Amino acid sequence: MREIFFVILFAIGLGLYWPAVQAGFVSDDWHWLYLASQQDTIWPSLLTNYEGLRNGGSYNPIVSLWFNMWYSVFGISSAAYHTLAIVVHSLNSVLVGIVTAKISHLLFSFSRRKQRLASIYAGLLFLMYPGFVEAVAWSAAIPHVLATFFFLI
């Protein structure tokens, strides 16, 4: 059942975010891709900033790992990065649905049918929530989607 829910949410998400998939890279996506192209390995240094320096700057080891890993697989295919963001966002929507089902049962003693309806509604609402458009359209904003994923699991 959860697998079917994920497939449905992914299909809806792909439809909703399709313009972003076709949009290409924006802003500092290009800088992250450049940095990834300069790496010998997918593993970024955990003791330096994202450029490998020790003199300030931004410290983002998860984003660095994300770009390094996927650059080694997809290169500069923006559609691949955006599709990956949609996959993770769809997983997040499924997880929101699962949490909603648990809460609706524990707090409100919903029947199985009402749990499923609440779960579907919450998952769809979360999928369509406009706050995550940026994280799909702007690859460098992937920490929002990943942080949500790690929080929900």
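How much space lies in the largest pocket? About 420 Å³. Keep in mind that this is a predicted model.

Let's walk around that pocket. Its lining has 15 residues, and the closest to the centre are Arg-2, Ala-101, Arg-112, Arg-116 and Ser-119. Which one gives the largest share? Helix 4, with seven residues. Seven of the lining residues are nonpolar, four are polar and four are charged.

Next, the cavity. Rolling a probe the size of a water molecule over the atoms shows where empty space is left. Here the count comes to one cavity of 30 Å³ or more. The space in the largest cavity is about 40 Å³. Who lines the largest cavity? Trp-32, Leu-35, Ala-36, Gln-39, Tyr-50, Ser-64, Phe-67 and Asn-68. By class, the cavity lining has five nonpolar and three polar residues, with no charged ones.

Stay with helix 3, residues 61-74, and bring in helix 7, residues 142-152. Their axes come within 10 Å and cross at roughly 105°. Angles of 65 to 115 degrees count as roughly perpendicular, so that is how helix 3 and helix 7 stand to each other. Where do they meet? Helix 3 brings Ile-62, Val-63 and Trp-66, and helix 7 brings Ile-142, Pro-143 and Leu-146. That contact has six nonpolar residues, no polar and no charged ones.

Definitions and conventions. Residues numbered from 1 in each chain as written. Predicted model: local features only at pLDDT ≥ 70, side-chain atom pairs only at ≥ 80, totals over all residues. Heavy atoms only, no water. 1 Å grid on protein atoms, 1.4 Å probe; cavity = no way out; pocket = protein on both sides within 12 Å on 5 of 7 lines; lining within 4 Å. Points joined across faces, edges and corners; volume = space filled by probe spheres on them. Helix = DSSP H or I, 4+ residues; strand = E, 2+ residues; numbered from the N terminus. Nonpolar A, V, L, I, M, F, W, Y, C, P; charged D, E, K, R; others polar. Axes fitted to C-alpha atoms, helices over the stretch in contact; angles between N-to-C directions. Parallel < 35°, antiparallel > 145°, perpendicular 65-115°, else oblique. Contact = heavy atoms within 4.5 Å.
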